[in-house]
Amino acid sequence: EAAAVAAPSQPEVAAGSAASAVVLPERLQRREAERQQGVERQRQKKEAQVVKEEQSEFFLATFAREREAVEALLAAGTLEEAAARLQALQKLLTGSVRFLAPYEVRQGQETVARLQGDLAARREQLQPKKKFAFRTLKKEAAPGSAPRPAEPAPPAPAAPGLGLAEGESGGPPLCGFSGAQDQELELGPAELLQQDVLLSELRGCRVRLRGNPNTLRVRDCRGCSVFCGPVSTSVLVDGCSDCLLALACQQLRTHRTRDCRVYVLVTSRAVIEACSEVSFAPYSWSYPGIERDFETSGLDRTTNNWNLVDDFDWLATDKPSPNWSLIPEQERITCWD
């Protein structure tokens, strides 16, 4: 009787064996499914790499062909067509950044910048020369008449020798303003076209740059508003505070700057270093002729990474940097007059 209790019945043994037979295939099936998923992931990864390499090869071939076409048009003096092809070349580069190697992106940017410089040089070379004219001599004041009040001196142009910030070229800037205080300062398209512009040591000034510079540097400015048209290459903001900036460019670098609002269109990514209380919003400043300046600059208005900011002083990936923020939509400027 005890043996009968201890020993499982024949149906129970059969049921246990059946359960084991069911569990074992399920385990094997699960393991096989995981193996198949791993194989599929490897296949997709390999295919993605092949596609990436094919895209890179296609880009390099297309970019080289378009570069040669722009160079030929510049040599022939067909500047409008050259400008259009150069803008298309910039769009091709901007749209291909996601699959290109960093050195390929850098080489492409250097090529586009060189061609933009060549275009500006050819425009200056081919534009009509100004006719010579005698200057009218000022008449001397009549005896006894009140002396004519002296006209206010224009703001001093930016001059070399102010010391270079990181990343700046050694050549003197061709135009800009330096040392002005509480003034309205302006430059137009003819003065700015593909020029290197420096704004330095301004206090309480309102600066409007309507045109297409090649580069822009804003250095050691306090309490200023700087509104600039499309810059073909880079903008450097260094040592500024309490400023309002409207900038459109390929690259934006901001150093040693605090308490500034930046309305920006940038086709790469903005970089800040040693900065605090810097806030960003999309570029919205406008003026008559800005569309033409964007065409000349080669910037793609449809690509704007205004909210992608790299902070070199904040390496944590799980928390946002406390040094910059986004301007709330309800607080953004909509009327610039």
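**Figure 1. Surroundings of Arg 332 in the predicted model.** Leaving aside residues up to four places away in sequence, Arg 332 touches Tyr 263, Ala 281, Pro 282, Trp 306 and Ile 327. The model shown here and in the other views is predicted. Arg 332 belongs to the segment that follows strand 14 (324–326). Its relative accessibility is 23%, so Arg 332 counts as partly exposed. Phe 280 lies 52 residues from Arg 332 along the chain, and the C-alpha atoms of these two residues are separated by 9.5 Å.

**Figure 2. Overview of the protein chain.** The secondary structure consists of six helices and 14 strands. Of the 337 residues in the chain, 39% are buried. Among contacts between residues at least 6 apart in sequence, 40% join residues at least 24 apart.

**Figure 3. Surroundings of Cys 240.** Cys 240 sits in the loop that links strand 7 (234–238) and strand 8 (244–249). With a relative accessibility of 2%, Cys 240 is under the 20% limit and therefore counts as buried. Residues up to four places away in sequence aside, Cys 240 touches Val 218, Arg 219, Asp 220, Cys 221 and Arg 222, as well as Arg 256, Thr 257, Arg 258 and Cys 260.

**Figure 4. Helix 3 and helix 4 side by side.** Helix 3 (residues 79–96) and helix 4 have axes that come within 11 Å and cross at roughly 165 degrees. The angle is over 145 degrees, so helix 3 is roughly antiparallel to helix 4. The crossing of helix 3 past helix 4 is left-handed. From helix 3, the residues in contact are Leu 79, Glu 80, Ala 83, Leu 86, Leu 89, Gln 90 and Leu 93. On the helix 4 side they meet Val 105, Gly 108, Gln 109, Val 112, Leu 115, Gln 116, Leu 119, Arg 122, Arg 123 and Leu 126. Sorted by class, this contact has 10 nonpolar, four polar and three charged residues.

**Figure 5. Helix 3 on its own.** Helix 3 has 18 residues and spans 26 Å from its first C-alpha to its last, close to the 26 Å expected at 1.5 Å a residue. The buried residues of helix 3 are Leu 79, Ala 82, Ala 83, Leu 86, Gln 87, Leu 89, Gln 90, Leu 93, Thr 94 and Ser 96.

**Figure 6. Helix 4 and Thr 111.** Helix 4 (residues 102–126) has 25 residues and reaches 36 Å between its first and last C-alpha, close to the 36 Å expected at 1.5 Å a residue. Its buried residues include Glu 104, Val 105, Thr 111, Leu 119 and Ala 120. Thr 111, located in helix 4, counts as buried because its relative accessibility is 16%. Residues up to four places away in sequence aside, Thr 111 touches Phe 63 and Arg 67.

Figure 7. Glu 201 has a phi near 55 degrees, a positive value in a residue other than glycine. It is placed in the loop between strand 3 (196–200) and strand 4 (206–209). A relative accessible area of 39% makes Glu 201 partly exposed. In Asp 259, likewise a residue other than glycine, phi is positive, near 50 degrees. Asp 259 is part of strand 10 (residues 258–266). With a relative accessible area of 36%, Asp 259 is partly exposed.

Terms used
Residues are numbered from 1 along each chain as its sequence is written. This is a predicted model: local features need pLDDT of at least 70, side-chain atom pairs count only at pLDDT 80 or more; totals for chains, interfaces and linings use all residues. Side-chain values use heavy atoms; hydrogens and water are left out. Helices (H or I, at least four residues) and strands (E, at least two) are DSSP runs, numbered from the N terminus. The expected span of a helix is 1.5 Å times one less than its number of residues. Buried means under 20% relative accessible area, exposed over 50%, partly exposed in between (1.4 Å probe, protein chains only). Axes are lines fitted to C-alpha atoms, for helices over the stretch in contact, and angles run from 0 to 180 degrees between N-to-C directions. Angles under 35 degrees count as roughly parallel, over 145 as roughly antiparallel, 65 to 115 as roughly perpendicular and the rest as oblique. A crossing is left-handed if the near helix is turned anticlockwise from the far one by less than a right angle, and right-handed if clockwise. Contact means heavy atoms within 4.5 Å. Ala, Val, Leu, Ile, Met, Phe, Trp, Tyr, Cys and Pro count as nonpolar, Asp, Glu, Lys and Arg as charged, and the others, Gly among them, as polar.
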